[in-house]
Amino acid sequence: GFSALHRLYPTAEGWLFLEVHRERDWQGLCERVDPALAGDPRFATPQTRTEHDAALAALLAAHLATRTAA
């Protein structure tokens, strides 16, 4: 993918395409995947999410791997 918030992730059952461009989408993702992400200073703004893209991708991959694509 192009970034942690624009890529395919393998899940426990199938693949999930993630595309998060707006702040409200980011908040929704945090609510569903891991609410702690919203409070992590590395991911507080779009700029810091870009700066810490590899760490965000690793965290998302770990969380999504345990869930179904649905």
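Trainee: Is R42 buried, partly exposed or exposed?
Mentor: In this predicted model, R42 is partly exposed, because its relative accessible area is 31%, a value that falls between the 20% and 50% cut-offs.

Trainee: And which side chain does R42 meet in a salt bridge?
Mentor: The side chain of R42 meets that of D40 in a salt bridge, with a distance of 2.7 Å from N to O. D40, for its part, counts as buried, because its relative accessibility is 17%, which is under the 20% limit.

Trainee: How many salt bridges are there by this rule?
Mentor: The count comes to 3 salt bridges. Besides the pair of D40 and R42, there is one between the side chains of D25 and R22, at 3.1 Å from N to O, and one between E23 and R49, whose closest N and O atoms are 2.7 Å apart.

Trainee: Where in the chain do E23 and R49 sit?
Mentor: E23 belongs to helix α1, which covers residues 23-33, and R49 to helix α3, so that the pair links distant parts of the chain, 26 residues apart. Helix α3 itself spans residues 46-51.

Trainee: Switching to the strands, how do β1 and β2 run?
Mentor: They run antiparallel, with strand β1 (residues 6-11) joined to strand β2 (residues 14-19) by 6 bridges. The two strands form a hairpin, and 2 residues lie between them.

Trainee: Which residues of β2 stand opposite Y9 and P10?
Mentor: Y9 stands opposite L16, and the bridge partner of P10 is W15.

Trainee: Where else does W15 come up?
Mentor: W15 is part of a nonpolar patch on the surface that it forms with L8 and F17, and together these residues have about 380 Å² of accessible area. L8 is found in strand β1, and it counts as exposed because its relative accessibility is 52%, which is over the 50% limit.

Trainee: What about the segment before β1, is A4 buried or exposed there?
Mentor: A4, which is found in that segment, counts as buried because its relative accessibility is 0%.

Trainee: What does A4 touch?
Mentor: Not counting residues up to four places away in sequence, A4 touches Y9, L18, D53, L56, A57 and L60. Of these, Y9 has already come up as the residue opposite L16 in β2, and L56 is also in contact with R49.

Trainee: How far apart are A4 and T48?
Mentor: They are 44 residues apart in sequence, and their C-alpha atoms are 12 Å apart in space.

Trainee: And F2, buried or exposed?
Mentor: F2 also has its place in the segment before β1, but F2 is exposed, because its relative accessible area is 75%, whereas A4 is buried at 0%.

Trainee: How far is F2 from A36?
Mentor: The C-alpha atoms of F2 and A36 are separated by 24 Å, and the two residues are 34 residues apart along the chain.

Key. Residues are numbered from 1 along each chain as its sequence is written. This is a predicted model: local features need pLDDT of at least 70, side-chain atom pairs count only at pLDDT 80 or more; totals for chains, interfaces and linings use all residues. Side-chain values use heavy atoms; hydrogens and water are left out. Helices (H or I, at least four residues) and strands (E, at least two) are DSSP runs, numbered from the N terminus. Contact means heavy atoms within 4.5 Å. A salt bridge is a side-chain nitrogen of Lys or Arg within 4 Å of a carboxyl oxygen of Asp or Glu. Buried means under 20% relative accessible area, exposed over 50%, partly exposed in between (1.4 Å probe, protein chains only). Two strands pair if DSSP finds at least two bridges between them. Patches are made of residues with over 30% relative accessible area and no salt bridge: like charges are joined within 9 Å, nonpolar side chains (Val, Leu, Ile, Met, Phe, Trp, Tyr) within 5 Å. Accessible areas come from the Shrake-Rupley method with a 1.4 Å probe; for residues, only the protein chains shown count as cover.
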